[in-house]
Amino acid sequence: MSKPSVWIREATGVVKNVNPLTMFWANMGEIGFGGGFLFLNIIFASFISSIPGGSNPEDVIPAVGVFTIAVLFEAYIFYHITHSVGRTGGDYVWLSRIVNPSFAGFLMLGFVFTGIPFIGVDLFFMFSTMAPSFATLGQVTNNAGLSTAATALNFYGGAFNAPEAIIIGLAIIAVITIIDIFRPSLGFKVLAGFVALGTLAALAMAALFLLAGPSGVQSSLNSYLGTYGLYYFNGTGYSAATSVNQLATLPALGGGVPSFSWMGAFLLLPFVAIYMPWINNVAAFGGELKSIKKSAMYATFAVVLASGVLLLVFNQLYISYVGGPAVTYGLAQTSSTMLSVATMISGNNAALGWFMNLGFSLWFLASIAQTILVISRYLLGMGFDRFIPTWFAEVSNRFHSPVNGLVFPAVIAGVVTIFVMYYSFVSAFTTTGLGTMYFACIGLTAIYYAYKRRAQLKGTATALIISGVVVLSFFAVLTAEFFVYPYFGVSIANLGAAISAGMNYTNPAGVQQIYGGLPWLIIIFGFWIIGAFWYTIRKRYLKSKGIDLSVTYKEIPPE
């Protein structure tokens, strides 16, 4: 019997059209400082307050600080991966060649395919966090139509009350995908433009706070509250807070503002994980980067430092200027954010109010655009190796874009968007634990790779081993937090209760999860199991077609 043949592979078809500055803004968009910051402004009243002991708003500062330090070590690993591999889906290529394709399959299949729901989650976050500030803008500029529309699009709490939001969400996905297909270079530039404008909006918001000073901020807040009020749930219905002093008393409804604690900061880490660690995208775009070392530097170290510093400074500025943790907690109970307060300060300056609010909306659009792009590149990389069907690796000769790899996640994301907006983000949020497991294994692989090649790598080997140990340890603990604590979905310890209760499962944090964490947990473990055996399955299938898949993983793929 003759041995199976090996196919001849040509170039992927993508072109190097992403410069270092564009890659910096693109990865800033995936970390999503703006969206993450607003989310952390309100999480205390929506979910973290359900955790025994609660969390002080100031707990977010050490949580972000610790996360930033850990991700700097992760940045070093991805910097090395990006400039040393330099291929589409670079971290997949690195994992599959350094360890083996079975290990890469175990990690990558679930990492990629369960990343798709976060497109819907980002849309949910956009409506739930932006609607209150747009409603405020409508009030301070006497635009009743805007206030009414913003209130109708408010999904905060997961209630389905605005089909229009789904239509808008699907339109956003469609427009971004069409641009990425027909003008891939423009797609990256649009993404970078979103983040650049979003950053300017954030700086404008900070400037308003600094110019007004603490007394001016609280005076503007008092004036707004006296005129319009901010509504909060009092246990049986909704009441209006009409002064800063009253806002400061709202936490008493839940037993008062918890004292600062490291446990509170620890329990905030999974919420920070939605945004901070996702710098892997620079490796995924490796085949399209100009000046690859500079692009890798800008999109790893520079992005992490910029995002971490912004989150730390803006959180401290917000908490101190509105009047301390009690007022911050009270504002969270009314779904208000720093952006809402900045809109109040802007008063009837409609141009400034619109600029800040539309600018912050762009942070969410940037995260959506980046997610669609990066998933398509992972699909292209795996399809190019024939690890998954080659249909995903088809690149348009005319547009140089992976058309199928872009359309597939967009269609799935559209379906998931409807699901998420009907039922809330909690269930899809469970899959973040799969991402933290992936990053832990990146750390483990860095240790193995550096030790195995320590003679060739020399001093770099020591730096990689240290980085690998930090990343492995940090993300292993974070993964355990996701799957052991019951507050972030269905924990392993509560599987029995979840199965018994079915769709009506209420976790120990008091959050009812309709179609909740259990199905997503099953999907996570399902992908891990399938991924572990996928290479063997594909190898046997392709062998029957006369192709030896194992030869693929003995070389770095062509560009």
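**Notes on a predicted, mainly helical-element model**

1. Overall picture. Of the 559 residues in the protein, 59% are buried. The model is predicted. Its elements are 23 helices and two strands. Among contacts with a separation of 6 or more, 80% are between residues 24 or more positions apart.

2. Helix α4. Start with residues 90–98, which form helix α4. Nine of the nine residues there are buried, so the helix is largely enclosed by the rest of the structure. The buried residues run from G90, D91 and Y92 through V93, W94 and L95 to S96, R97 and I98. What do they pack against? Their partners are α3 (60–85), α5 (101–113), α12 (281–284), α16 (350–384) and α19 (432–452).

3. S96 is found in helix α4. Its relative accessibility is 2%, and because the cut-off for buried is under 20%, S96 counts as buried. Its side chain makes a polar contact of 2.9 Å with the side chain of R97. Leaving out residues up to four places away in sequence, S96 touches P101, A104 and Y553.

4. Helix α13. This helix covers residues 292–322, 31 residues in total. From first C-alpha to last, α13 reaches 44 Å, close to the 45 Å expected at 1.5 Å a residue. Where does α13 bend? The bend is at A302, by about 35°. After α13 comes G323, with a positive phi near 125°.

5. F24 and its contacts. F24 is found in helix α1 (residues 20–31). Its relative accessible area is 14%, so F24 is buried. Beyond its neighbours within four places in sequence, F24 is in contact with Y298, A302, V303 and A306. A302 is also the residue where α13 bends.

6. Aromatic pairs: F111 and W278. A search of the whole structure finds 29 aromatic pairs. In one of them, the rings of F111 and W278 have centres 5.9 Å apart and planes at 20°, so this pair is stacked. F111 lies in helix α5, while W278 lies in the loop between α11 (262–272) and α12, so the pair ties together parts 167 residues apart in sequence. Are these two residues buried or exposed? Both F111 and W278 are buried.

7. Aromatic pairs: F134 and W354. This pair is tilted, with 5.9 Å centre to centre and 55° between the planes. F134 sits in helix α6 (residues 117–140) and W354 in helix α16, and the pair links these distant parts of the chain, 220 residues apart. The two residues fall in separate accessibility classes. F134 has a relative accessible area of 13% and is buried. W354 has 32% and is partly exposed.

8. A cluster of rings. Which residues do ring pairs link into a cluster? They are F67, F78, F111, W278, Y378, Y438, F439, F474 and F475. The stacked pair of F111 and W278 therefore belongs to this cluster.

9. A charge over a ring. R454 lies over the face of Y451. The distance to the ring centre is 4.1 Å.

10. The place of F73 is helix α3. At 28% relative accessibility, F73 counts as partly exposed. Setting aside residues up to four places away in sequence, F73 touches I466, S467, V470 and V471. How many residues separate F73 and V470 in sequence? The answer is 397, while their C-alpha atoms are 6.9 Å apart in space.

11. Positive phi outside glycine. N142 is not a glycine, yet has a positive phi of about 60°. It is placed in the loop between α6 and α7 (144–152). N142 counts as exposed, at 69% relative accessibility. K458 is another non-glycine with a positive phi, about 55°. K458 lies in the loop between α20 (454–457) and α21 (459–484). Its relative accessible area is 64%, so K458 is exposed.

Notes
Residues numbered from 1 in each chain as written. Predicted model: local features only at pLDDT ≥ 70, side-chain atom pairs only at ≥ 80, totals over all residues. Heavy atoms only, no water. Buried < 20%, exposed > 50% of the residue type's maximum accessible area, 1.4 Å probe, protein only. Helix = DSSP H or I, 4+ residues; strand = E, 2+ residues; numbered from the N terminus. Contact = heavy atoms within 4.5 Å. Expected span 1.5 Å × (residues − 1). Bend = angle between axes of the 7 residues up to and from the residue. Phe/Tyr/Trp six-rings, centres within 6.5 Å; stacked < 30°, edge-to-face > 60°. Lys NZ or Arg CZ within 6 Å of the ring centre and 35° of its normal. Polar contact = N/O pair within 3.5 Å; in protein donor to acceptor, adjacent residues only side chain to side chain.
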